[in-house]
Amino acid sequence: MSTIFSKIIAREIPADIVYEDDLVLAFKDIAPQAPVHILIIPKQEIATANDVTEADELTLGRMMTVAAKIAKDNNIDESGYRLIINCNEDGGQEVFHLHMHIIGGRKLGAMLP
Ligand code: 5GP
């Protein structure tokens, strides 16, 4: 089932895209929770963390290397940041296209406030 993120991949709706390659896209969150708040998504539609298979391992690995690059590009690699993947209702997932939040640029405090 397609989500708003598929429309961002297809350039059907605008987004502030900061990185793209054959496997993943990264863009600024529309409602940032910190000075740096970027979403990294697979171009392939994967609904939740439950739906990941071995075939997605290259893509999931790419999401991590892109997160490290984005952290460096935004000068938060040394100060620190948080990577979050929410899953389903209790995890607080709102958009059912797998995505990793990279959040930083301020002290984030307790992991679960
Ligand atoms: P979730 O709660 O599913 O982990 O996070 C979804 C995130 O997507 C939220 O942080 C929300 O602000 C962001 N978001 C939802 N719709 C849009 C949109 O149309 N554009 C952008 N850039 N971010 C969005």
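Let us begin with D21, which sits in the loop that links β1, residues 17-20, to β2, residues 24-28. Please bear in mind that this is a predicted model.

Is D21 buried or exposed? Its relative accessibility is 13%, and the cut-off for buried is under 20%, so D21 counts as buried.

What, then, surrounds this residue? Leaving aside neighbours within four places in sequence, D21 is in contact with K43, R62 and V66. With R62 there is a polar contact between the two side chains, at 2.9 Å. The side chain of D21 also has a polar atom 2.9 Å from the backbone nitrogen of V24. As for G61, 40 residues away along the chain, its C-alpha atom is separated from that of D21 by 13 Å.

In soluble globular proteins, nonpolar side chains tend to be buried together. Here, the largest nonpolar core has 14 residues, and V24, I38, I40, I70 and I102 are those with the most contacts inside it. Which elements supply at least two residues each? They are β2, β3 (36-42), α2 (57-73) and β5 (100-104). Of these, α2 gives the most, with 5 residues.

Let us look at I70 in particular. Not counting residues up to four places away in sequence, I70 touches V18, A26, I38, I40 and I102.

Methods: Residues are numbered from 1 along each chain as its sequence is written. This is a predicted model: local features need pLDDT of at least 70, side-chain atom pairs count only at pLDDT 80 or more; totals for chains, interfaces and linings use all residues. Side-chain values use heavy atoms; hydrogens and water are left out. Helices (H or I, at least four residues) and strands (E, at least two) are DSSP runs, numbered from the N terminus. Buried means under 20% relative accessible area, exposed over 50%, partly exposed in between (1.4 Å probe, protein chains only). Contact means heavy atoms within 4.5 Å. A polar contact is a pair of N or O atoms within 3.5 Å; within protein, one must be able to donate a hydrogen and the other to accept it, and residues adjacent in sequence count only if both atoms are side-chain atoms. A nonpolar core is a set of buried Ala, Val, Leu, Ile, Met, Phe, Trp, Tyr and Cys residues joined through side-chain atoms within 4.5 Å.
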